[in-house]
Amino acid sequence: MIEAYKRFWTLAFEFKGRTSRPDYWWAVLASFLVALILAILGSISEPFMALYLLYYFATFTPNISMSIRRLRDIGKSWQWIFINFIPMAGGILFLIILCRPSVPIV
């Protein structure tokens, strides 16, 4: 999980390449745990809430780039990320797409 989280940050602005299913989900889990801890601490103290908000905005680009690399890994083009704009169903469909297995490199 730690290695996937490191790659999450080191490849933050890398939109080319691929991200495997385990790397994607381990990084998502690690990011969620960090955000959860900061949110809990933020409910206690205002400086931690500011740190939580900073973390939330800082992870925007790495999340987008990792999602695009994951889409490429399953054989979809990057434009599939816009499926999230479909109300309610878009997020569910995107989650299902991200769960698909990797496609071999041709």
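**Asp23 and Arg7.** I started with this pair and found a salt bridge between Asp23 and Arg7, with the closest N and O atoms 2.7 Å apart. Asp23 sits in helix α2 (residues 21–44) and Arg7 in helix α1, so the contact ties together parts that are 16 residues apart in sequence. I keep in mind that this is a predicted model. Next I looked up how open the two partners are. Asp23 has 23% relative accessibility, so I noted it as partly exposed. Arg7 is partly exposed as well, with a relative accessible area of 33%.

**How many in total?** How many salt bridges does a search of the whole structure find? I got 4.

**Glu3 and Lys6.** Another of these joins Glu3 to Lys6, and here the closest N and O atoms are 3.4 Å apart. Both residues belong to helix α1 (residues 2–10), and because they are 3 residues apart there, about one helical turn separates them. I checked accessibility again: Glu3 is partly exposed at 46%, and Lys6 is partly exposed at 47%.

**Asp73 and Arg18.** I then turned to the side chains of Asp73 and Arg18, which meet in a salt bridge of 2.8 Å, N to O. Asp73 lies in helix α4 (residues 60–73), while Arg18 is in the loop between α1 and α2, so this pair links parts that are 55 residues apart in sequence. Is Asp73 buried or exposed? Asp73 counts as buried, because its relative accessibility is 5% and the cut-off for buried is under 20%. Arg18, at 34% relative accessibility, is partly exposed. I also followed the shared partners: salt bridges join Arg18, Arg70 and Asp73 into one network.

Which residues of α1 are buried? I listed Ala4, Tyr5 and Phe8. They cover an arc of only 100 degrees around the axis, which means that they are on the same side of α1. On the face turned away from that buried side, I found the exposed residues Ile2 and Thr10.

Definitions and conventions
Residues numbered from 1 in each chain as written. Predicted model: local features only at pLDDT ≥ 70, side-chain atom pairs only at ≥ 80, totals over all residues. Heavy atoms only, no water. Helix = DSSP H or I, 4+ residues; strand = E, 2+ residues; numbered from the N terminus. Buried < 20%, exposed > 50% of the residue type's maximum accessible area, 1.4 Å probe, protein only. Arc of directions from axis to C-beta.
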